[in-house]
Amino acid sequence: MAGPIYAIPGSVQAPAAVTPAPQSADAADDAPRTVADVLRASQVEAVLDELDRDLVGLAPVKQRIRDIAALLVIDKLRLAHGLAAATPSLHMCFTGNPGTGKTTVALRMAEILHRLGYVRKGHLVAVTRDDLVGQYIGHTAPKTKEVLKKAMGGVLFIDEAYYLYRPDNERDYGQEAIEILLQVMENQRDDLVVILAGYKDRMDTFFRSNPGLSSRIAHHIDFPDYTPGELEAIAGKMLAAMSYRFAPDAAAAFGEYLARRIAQPHFANARSVRNALDRARLRQASRLFAERDRVLGEADLTTLTESDIRASRVFAP
Ligand SMILES: Nc1ncnc2c1ncn2[C@@H]1O[C@H](COP(=O)(O)OP(=O)(O)OP(=O)(O)O)[C@@H](O)[C@H]1O
Ligand SMILES: [Mg+2]
């Protein structure tokens, strides 16, 4: 019953292929009897381990995901005993500041839900208000239904979900989208998981005005800001994934860069780290480009120097 290995869309790397475990020789008892049986058959452990390994920090988030996986595994064992198995509601809300890993974790969650057989396909469809709500009367229902159709069998990720509700405008079409969502979240929860994402305070306000929606969300998961140390570790992982590295004094300069950048407006956690590294790569390229006749070795091509970091305007007086 192991699901197919497939590429996850988006910026996240697909999990490495895992060889299926050999099936038990005794064909009569192929129903899972232990947690290990279910984990082997679903290969979900590989995704959980990858989540632990690839993502820096996020300990409470990782624990919640393990808890949800445990519930689904135990449900499978209960099913093998013919025990009642009401499909648990798995709609979720991910709150946190920009760049704290919400989209990344949602992609992994889709993969886990798929491997445990909760959803058929395990893909993720990410949308915002404009994808669901039309400009004119009669446009919203078809738009929302089209998105739901695409997401069926996977995860519908609604970023900044609170924009669906505009209290200042009584006749806003967002309400229509919310009502269709509510119905599907209730009636088709065995084949679609909805994840609402956004800032914590705005989401709280949104839920107060939409108690029907709030009551259908089983899991509220909060994504804290990363510490400076975690951001440095994230930078290290991103560089390694792109086959770059810091020169020794560049790593220290990047630490200083982060301290300054965090204090500035619009700091976006891991997303700001990624952007900073992209700009450092541009500077490295320009630096190397200027030396027309120099033979460039692997070390030259992979190393970001202290000057590549310090040229940032974050260091400007
Ligand atoms: N804990 C982490 N470890 C390593 N990389 C991370 C971590 N969290 C986020 N990233 C990386 O940072 C970038 C931004 O993450 P992501 O898009 O998941 O954040 P988000 O919370 O969805 O942000 P936004 O609110 O801006 O959409 C991605 O490239 C992601 O791979
Ligand atoms: Mg996101």
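A residue is counted as near a molecule or strand if its C-beta atom, placed from the backbone, lies within 6 Å of it. The views below show a predicted model, in which local features need pLDDT of at least 70 and side-chain atom pairs count only at pLDDT 80 or more, while totals for chains, interfaces and linings use all residues. Residues are numbered from 1 along each chain as its sequence is written, and chains are lettered from A and ligands numbered from 1 in the order in which they are written.

**View 1. The shell around ligand 1.** The shell holds 19 residues, of which Gly 101, Lys 102, Thr 103, Thr 104 and Ala 270 come nearest to the ligand. Three helices, α4 (102-115), α10 (228-241) and α12 (269-289), each contribute at least two residues to this shell. Here helices (H or I, at least four residues) and strands (E, at least two) are DSSP runs, numbered from the N terminus. By class the shell comprises seven nonpolar, eight polar and four charged residues. Ala, Val, Leu, Ile, Met, Phe, Trp, Tyr, Cys and Pro count as nonpolar, Asp, Glu, Lys and Arg as charged, and the others, Gly among them, as polar.

**View 2. Helix α4 and Lys 102.** Helix α4 has 14 residues and reaches 20 Å from its first C-alpha to its last, close to the 20 Å expected at 1.5 Å a residue; the expected span is 1.5 Å times one less than the number of residues. Of the 14 residues of α4, 13 are buried. A residue is buried if 20 or more other C-beta atoms lie within 10 Å of its own, exposed if 12 or fewer, and partly exposed in between, with C-beta atoms placed from the backbone. Lys 102 belongs to α4 and is buried, because 21 other C-beta atoms lie within 10 Å. Leaving aside residues up to four places away in sequence, Lys 102 touches Phe 94, Gly 96, Ala 197 and Phe 223; two residues are in contact if their C-beta atoms, placed from the backbone, lie within 7 Å. Lys 102 and Leu 196 are 94 residues apart in sequence, yet their C-alpha atoms are 9.9 Å apart in space. Just after α4, Gly 117 takes a positive phi of about 75°.

**View 3. Helix α2 against helix α3.** Two packed helices are described by the angle between their axes and the distance between the axes. The axes of α2 (residues 44-54) and α3 (residues 59-80) come within 11 Å and cross at roughly 175°, so α2 is roughly antiparallel to α3. Axes are lines fitted to C-alpha atoms, for helices over the stretch in contact, and angles run from 0 to 180 degrees between N-to-C directions. Angles under 35 degrees count as roughly parallel, over 145 as roughly antiparallel, 65 to 115 as roughly perpendicular and the rest as oblique. From α2, Val 44, Leu 48, Leu 51 and Asp 52 meet Lys 62, Ile 65, Arg 66 and Ala 69 of α3. The residues of this contact divide into five nonpolar, no polar and three charged.

**View 4. Helix α1 against helix α3.** Helices α1 and α3 pack at an angle of about 110°, with their axes 9 Å apart, so α1 is roughly perpendicular to α3. Val 35, Val 38 and Leu 39 of α1 meet Val 73, Lys 76 and Leu 77 of α3, and the residues of this contact divide into five nonpolar, no polar and one charged. Ser 42 is found in α1 (residues 35-42) and is buried, because 23 other C-beta atoms lie within 10 Å. Ser 42 and Val 73 are 31 residues apart in sequence and 9.3 Å apart in space, C-alpha to C-alpha.

**View 5. Asp 75 in helix α3.** Asp 75 is found in α3 and is partly exposed, with 19 other C-beta atoms within 10 Å. Residues up to four places away in sequence are again not counted, and Asp 75 touches Ala 85 and Pro 88. The C-alpha atoms of Asp 75 and Thr 87, 12 residues apart along the chain, are separated by 8.9 Å.

View 6. Most residues other than glycine have a negative phi. Glu 160, although not a glycine, has a positive phi of about 50°; Glu 160 lies in the loop between β3 (155-159) and α7 (174-187) and is partly exposed, with 15 other C-beta atoms within 10 Å. His 266, also not a glycine, has a positive phi of about 60°. His 266 lies in the loop between α11 (248-262) and α12 and is exposed, because 7 other C-beta atoms lie within 10 Å.
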